[in-house]
Amino acid sequence: MANDIQIGDFFSLLNSVENINDTDYEKVQLLIEAAKSFERSTYQCVYIIDYNKKDFLYVSANIAKLCGVDAKRVKDFGYRFYIDYVPEDDLKMLLEINENGFKLFETIPVAERREYTISYNFHIKKQGNRKALINHKITPLVLTPDGRMWLGMCTISLAAGNRAGNVIIKKPGADTFYEYSLDTHKWSQKPEISLSETEKEVLSLSTQGYTMNNIADIICKSVDTVKACKRSIFQKMDVKNIAEALTYAQNHQLI
C-alpha cells in the first residue's frame, strides 16, 4: 500500500490553503526563530508544516536523535519521510487521522481553532528491524482568515508503551476532549478526568524522578498514601505504570 500513497494524500481538501504570497512568507521568519528557541529549551523535536506548499517549513536539528535521519534530509524529504520511514499499518492510520482530524476541526468555531491540539502515537522505522514509538502533536500556528490551517507547529517525543493510536484533540483547561476510535472510525467527546491536588503533586514529583519515599517526605504524607494516590491515578487514566500515567497527563495537559 505504501507504494500507492502520494504526498498529496496527506493534505485534506477540507484544509485547502490558497492566496499565500511572498509577503506573507517574509513574516514567518520570526516564527521559525521562535521554533529554534523552543528546540533549544526542550527535549522535544519541532517542525513546522506548511499546508500551502505541502511541505515542511522548518525541521529542528535534534530530530536526528529521535529518527536517525538528519534534519536537512527530513526537510528535503518533506512528507516523503512518512512514506519511507513509517510502517505501512501506521501510515494508513496517519492518513485516516489526518482526514478525520480536519473533519472535526471544521466543526470547531474559527475563533477557537487555534487553541486545539491533536495528539497521537505512531512508529518510525529505524536501522535494522527496530521501530520507535513516538508521540506526535500538531497545533495551529497560523490560520487563514477563514480558519484554515496555513502553518502547523509539530512536536515529537518518545511515547510510552508499544501501541500506535491514542488519538485525542483537546484545548487547555477544557473539561472534555475528543477521542478518535480506530475501530469505529469516529470521534467521541469524553469528560476529562479530575485529579486531586495530592494526586497532581505525586504525579509532578514522579516526573522529577523522586521515589515514593522521597515523595512521601516532600508532601508530608505516608508512603501508603502515596501508593494509594498512584493506584487512584492509574485507575482514573486506565494505565498500568507511571510512565504511561505521565504520558497521559502530558497529552491531556493535566500537569
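**Notebook: helix packing and the sheet**

I started with helix 7 (residues 197-207) and helix 8 (residues 212-219), which pack at an angle of about 130° with their axes 10 Å apart. For my own reference, axes are lines fitted to C-alpha atoms, for helices over the stretch in contact, and angles run from 0 to 180 degrees between N-to-C directions. Helices (H or I, at least four residues) and strands (E, at least two) are DSSP runs, numbered from the N terminus.

A note on the source: this is a predicted model, where local features need pLDDT of at least 70 and side-chain atom pairs count only at pLDDT 80 or more, while totals for chains, interfaces and linings use all residues. Residues are numbered from 1 along each chain as its sequence is written, and side-chain values use heavy atoms, with hydrogens and water left out.

**Helix 7 on helix 8**

Helix 7 and helix 8 are therefore oblique to each other. The cut-offs I use are under 35 degrees for roughly parallel, over 145 for roughly antiparallel, 65 to 115 for roughly perpendicular, and oblique for the rest. I looked up who makes the contact (heavy atoms within 4.5 Å): helix 7 gives Thr198, Glu201, Val202, Leu205 and Ser206, and helix 8 gives Ile215, Ile218 and Ile219. By class I get 5 nonpolar, 2 polar and 1 charged for helix 7 with helix 8. Here Ala, Val, Leu, Ile, Met, Phe, Trp, Tyr, Cys and Pro count as nonpolar, Asp, Glu, Lys and Arg as charged, and the others, Gly among them, as polar.

**Helix 8 on helix 9**

Next I took helix 8 with helix 9 (residues 223-237), whose axes come within 8 Å and cross at roughly 110°. Helix 8 and helix 9 are therefore roughly perpendicular to each other. From helix 8 I noted Met212, Asn213, Ile215, Ala216 and Ile219, facing Val223, Val226, Lys227 and Lys230 of helix 9. That contact of helix 8 with helix 9 has 6 nonpolar, 1 polar and 2 charged residues.

**Helix 7 on helix 10**

Helix 7 also has helix 10 as a partner: their axes come within 10 Å and cross at roughly 105°. So helix 7 and helix 10 are roughly perpendicular to each other. I find Leu203, Ser206 and Thr207 of helix 7 touching Ile242, Ala245, Leu246 and Ala249 of helix 10. The classes for helix 7 with helix 10 are 5 nonpolar, 2 polar and no charged.

Then I traced the open sheet: 8 strands in the order 2-1-5-4-3-6-7-8, with antiparallel pairing. Two strands pair if DSSP finds at least two bridges between them. Strand 2 (55-59) and strand 8 (186-191) stand at the edges, each with a single partner strand, so one side of each has no neighbour in the sheet. Direction ignored, neighbouring strands are turned by 30° against each other on average.

I checked strand 1 (residues 45-50) against strand 2 and found antiparallel pairing over 4 bridges. Which residue of strand 2 is the bridge partner of isoleucine 49? I read off phenylalanine 56.

Helix 2 (residues 29-40) packs on the sheet, touching strand 1, strand 2, strand 4 (131-143) and strand 5 (149-158), and its direction makes about 160° with that of strand 1. Helix 10 (residues 242-251) packs on the sheet too, touching strand 3 (117-125), strand 4, strand 6 (165-170) and strand 7 (176-181); the direction of helix 10 makes about 10° with that of strand 4.

**A loop residue**

I looked up lysine 171 in the loop between strand 6 and strand 7. Lysine 171 lies 55 residues from tyrosine 116 in sequence and 4.4 Å from it in space, C-alpha to C-alpha. Leaving aside neighbours within four places in sequence, lysine 171 is in contact with Glu112, Glu115, Tyr116 and Gln253.
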